[in-house]
Amino acid sequence: MKLNYEFNKELLSITEKVNEEDIEFSIVFKNVKLAEKLEKVHQYFDLNEIHTDALFFTNKDGSNQIIVKKDFYEDFILQLFKQQLLERLKWE
Amino acid sequence: MSNEAALAIGIFLIAYAFIVTEKIHRTIAAMAGGLLMVFLGIINQETALHHIDFNTLGLLTGMMIIVTITAETGLFHFIAIWSAKKVKGSPMKILIALGVITALGSALLDNVTTVLLMVPVTFSITRQLKVNPVPYLVMEIIASNIGGTSTMIGDPPNIMLGSAVKELTFMEFIYNLFGISFFILAVNVAILALLYRKQLKTTDLLKSALMELDESKEIKNKPLLWKALSVLALTIIGFFLHQMVHIESASIALGGAFLLLILSGESYLEKALHRVEWTTIFFFIGLFVLVSGLMETGVIKKLADYSISLTGGDVASTSILILWISAIASAFIDNIPFVATMIPMIKEMGTMGISNLEPLWWSLALGACLGGNGTLVGASANVIVAGMAAKEGYRISFAKFLFVAFPLMILSILLSTAYIYLRYLI
């Protein structure tokens, strides 16, 4: 079973790719205010005691790169959903 | 030997055994031992309090508060990404850069706090480049202990020395230890870079991805950053001037910490105090009381007598003996209790005819701080890095670390021996 998600393509774009033990996300916001919501996701992962669960970077073009360990994929998706960056989640 | 002295030695050795074997937490062992000294009447509470060095405790607490608030700004992530980009994402050059940053951070803050800040940043960069973080973590352990050797606030043994001996000011540490420490660092960094060169490979694609990062976005709170940097600079200037203005280093560190709390607002108070390592602070308190039991019963005086009889009171042989014993002991046991025991012993030697104690103090500082690099349990920074790495699934084994670090430690002590001899003994 995989956790599938949907988001508002008019407000942001999310792409993901598998890279060895990680899933790498690229998130681009068309509305700057949404970046604050991603910062809250960042803070959530900063507050726990695991340093390598999700690593957040910002690129020069403003896109956000997040390297997520496979074990924390669902956690990350759920946090995006909690911050309303995703509209729908479904196990398929 | 009096019954009280025998009892004090017994309590001290049992507490020490628990600290070394880690059968129970070292803070509990030290505090229980210290309290037993009081409960059994070896020392009274007033004497025990008199022996607690509040300068050491205040200095550590103040610096921990300043660094905790500074870390909130994202400064350390910024420095790491900025330096990785400066060397164009080359894994080998990043290894060297992180080593130098860790050493400088350890010299200006303290090495335990520095590694706590550097390890998460290291995971970020090595993950980005898909390289094994272990060589970087080993480099940071070694650089933190060497960098910490170079200043009075860099490593707990130096903090204790600077507090216990009035003549050993912040400037004296810089004047006597900074140069040799950074020379030893250069030798260690070069050898480690050579040793790990084959493991440090990445792809051009990953390097160019790293070059696309915007490090300025790592700074989360610019107003707080400026406040923290200003206070940090003031505090360091204060350390340089503390002897001239007749203010103890703890007052300067605590002054800086609470000035920063005034500037940053009370929302940071709880978090900053929560992150102070109270276990380390209470470990020190227990140790000071434990050692005071030995001092008050004359045991330390007897040990000093014995050491002088071994070397015939000769400054040169006593210095070299202290350097090597400190290094070997600190490689296998925590250097903090060792230094806590050695300080009163060396002071006692001063009353027994050794008029020039200076080479002895620097030998103790170099031996205890650099000796910590010998094994994975030799210093607090080593244990912290290994623990953090293990939690993330990267095991630094005791044997593998020993194989790399012990010869480096011996080399560092050989260089220190030459330095002590050439600078102070001829």
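Which two strands form a hairpin with two residues between them, and which residue in the turn has a positive phi?

1. Basis of the note. This is a predicted model, in which local features need pLDDT of at least 70 and side-chain atom pairs count only at pLDDT 80 or more, whereas totals for chains, interfaces and linings use all residues. Residues are numbered from 1 along each chain as its sequence is written, chains are lettered from A and ligands numbered from 1 in the order in which they are written, and side-chain values use heavy atoms, with hydrogens and water left out.

2. The hairpin. The two strands are β2(A) and β3(A), and Glu20(A) in the turn has a positive phi of about 50°. Helices (H or I, at least four residues) and strands (E, at least two) are DSSP runs, numbered from the N terminus. Strand β2 (residues 12–19) of chain A is joined to β3(A) by eight bridges, and the two run antiparallel. Within this pair, Glu16(A) stands opposite Phe25(A), and Val18(A) stands opposite Ile23(A).

3. The other partner of β3(A). Strand β5 (residues 64–69) of chain A pairs with β3(A) in the antiparallel sense over six bridges; two strands pair if DSSP finds at least two bridges between them. Here Glu24(A) stands opposite Ile67(A). In general, strands of a sheet pair through backbone hydrogen bonds, either parallel or antiparallel.

4. The sheet. Four strands of chain A form an open sheet in the order β2-β3-β5-β4, with antiparallel pairing. Because β2 and β4 (54–58) of chain A stand at the edges, each with a single partner strand, one side of each is left without a neighbour in the sheet. Neighbouring strands are turned by 20° against each other on average, direction ignored. Axes are lines fitted to C-alpha atoms, for helices over the stretch in contact, and angles run from 0 to 180 degrees between N-to-C directions.

5. Helices on the sheet. Helix α1 (residues 34–47) of chain A lies across β3, β4 and β5 of chain A, at about 145° to β4(A). Helix α2 (residues 73–82) of chain A packs on the sheet and touches β2, β3, β4 and β5 of chain A (contact means heavy atoms within 4.5 Å). The direction of α2(A) makes about 15° with that of β3(A).

6. Burial of β3(A). Six of the eight residues of strand β3 (residues 22–29) of chain A are buried, so this strand is largely enclosed by the rest of the structure. Buried means under 20% relative accessible area, exposed over 50%, partly exposed in between (1.4 Å probe, protein chains only).
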